[in-house]
Amino acid sequence: MSAVTAGATRARQAPVGGGGFPRLLPPAGQGADLRAHLGLHGPVPYRGDAGALIGEVRAAGLTGRGGAAFPVHRKLEAVAAARPGRAVVVGNAAEGEPASHKDEALLFLAPHLVLDGLQLAAEAVGASRAVLYVREDLGARTRLTDYLPERDAYGLDRLPVEIVWAPHRFLAGEESALASRVSGGPAVPQYTPPRVFERGVDGRPTLVQNVETLAHLALIGRYGPGWFRSLGTPDEPGTMLCTLRQASGSVDVAEAAIGTPLATLLDLSAVKGDGEVGGVLVGGYHGSWLPAAQAASLTLSNAQLRPAGAFAGAGVLAALPADRCGLRESARVARYLALESAGQCGPCRSGLPSIAAAMAELACPHPHQRVLDDLSRWAGLVEGRGACHHPDGTVRFLRSALGVFGPEIRLHQQGRCSAAAGRPFLPVPAGPATEADWS
Ligand SMILES: Cc1cc2nc3c(=O)[nH]c(=O)nc-3n(C[C@H](O)[C@H](O)[C@H](O)COP(=O)(O)O)c2cc1C
Ligand code: SF4
């Protein structure tokens, strides 16, 4: 793992493996400025030929770090097939997930790796426009607007980079919402297909990559696929940034090799044990709760997490403290997710508010007997029916909560609760948000 201070977030240094680690986060004490970056990594390794870098990315096995772990070379190939000069490349730093701080930390500590990766991705697909889509409140903290003219002075960027500010909303980073916002519209998901790699920003083929993915790309361009594969697992190579919310309340951003045991990343000693009602949240608010004992036996890898019903997502891991109620936490998150829906489709308009209301009842003493049936009926009704994945992600989160916190549900049915402390644990922005916040 590795360390910093970015906003409220602290990242740690603790070696996990060899091969030059940490990779993305600079060595402790080194600044984020351009001279330090050039001293560490040298200039942008342009290829002069798109095919070369795409082949290297394919050999490296890089997957997206924005949540879906989609193979990067496949998107590069799809966008590179567009008519020359048509494509747009966008680095996604919307970081709408309230429990995630890894993109913020990366832009704070290693902005030039991201900007190098944006240029290399643009070259690889023959793009004529490069955009960085950044959550609006990260502007001042990351000094991105200072760095761009500095890079120009060094002649580093072949394409000028535009910054487009993203509203701080859960859905603003979804790629069709991003394409709408960068095209001058509201940051709400659009009905797909067409997918953005076919018709995205201003109707042009658009490559959207998370900013961490771009930073890995910049390193692969310099050090090659073999180096990239020297950490991680054969099927899931490399490292990823994780936001670690410990039961103690501390929040760190850490870089970890894929395949690192979750128990190395999170201190699980302050979480309730077997037979109790402890839980570890994996993959954020569209992710899943796992029983603490099961989490302790797993590693940070989708190959291990998927059979358990979870996935690494954008690397959010949270260990619920022993004195909090998992149902109350889940009800707060469900309410937040319901309020964050764009309200365009039936499942979000009526289904998510009903789910949130039923979860709120379950979080109270003596919930009505029919609440569990209602929840399972509503979940079945919204699943697979939205224009985007928001209803599905919300249902995944909800179902895992009902499973892991089953013992807590029984306590609530008896009018009891295991939680000694009422203080909220998982971060949920103040709301409700209004329609005016979409742009
Ligand atoms: C509801 C929702 C929210 C999303 N928010 C973000 C986000 O904030 N940042 C991000 O990089 N990707 C986000 N994504 C994923 C993007 O749609 C897209 O897949 C990603 O930016 C592609 O980059 P990657 O392949 O490098 O991960 C979100 C997806 C969904 C369904
Ligand atoms: S499913 Fe929900 S969040 Fe997604 S586009 Fe439809 S209304 Fe919006």
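Within strand S6, Leu 207 is the bridge partner of Val 89. The structure is a predicted model, in which local features need pLDDT of at least 70 and side-chain atom pairs count only at pLDDT 80 or more, while totals for chains, interfaces and linings use all residues. Residues are numbered from 1 along each chain as its sequence is written, chains are lettered from A and ligands numbered from 1 in the order in which they are written, and side-chain values use heavy atoms, with hydrogens and water left out.

Strand S3 (residues 88–93) and S6 run parallel and are joined by five bridges, where strands (E, at least two residues) and helices (H or I, at least four) are DSSP runs numbered from the N terminus, and two strands pair if DSSP finds at least two bridges between them. Five of the five residues of S6 (residues 206–210) are buried, that is, under 20% relative accessible area, with exposed meaning over 50% and partly exposed in between (1.4 Å probe, protein chains only). Thr 206, Val 208 and Asn 210 point one way from S6, whereas Leu 207 and Gln 209 point the other way.

A total of 20 salt bridges is counted, each defined as a side-chain nitrogen of Lys or Arg within 4 Å of a carboxyl oxygen of Asp or Glu. Glu 340 and Arg 169, both buried, form one of these, with their closest N and O atoms 3.0 Å apart. Because Glu 340 lies in helix H13 (residues 326–340) and Arg 169 in the loop between strand S5 (161–166) and helix H8 (175–182), the pair ties together parts that are 171 residues apart in sequence. A salt bridge also links Arg 370 to Asp 374, with the closest N and O atoms 3.0 Å apart; here Arg 370 is partly exposed, at a relative accessible area of 41%, whereas Asp 374 is buried, at 16%. Salt bridges with shared partners join Arg 65, Lys 102, Asp 103 and Glu 212 into one network, and within it the side chains of Lys 102 and Asp 103 meet at 3.0 Å, N to O, both residues being buried.

Ligand 2 is surrounded by residues with a heavy atom within 4 Å of it, including Leu 171, Pro 189, Gln 344, Cys 345, Cys 348, Cys 388 and His 390. This shell divides into eight nonpolar, four polar and no charged residues, with Gly counted as polar and Cys and Pro as nonpolar.
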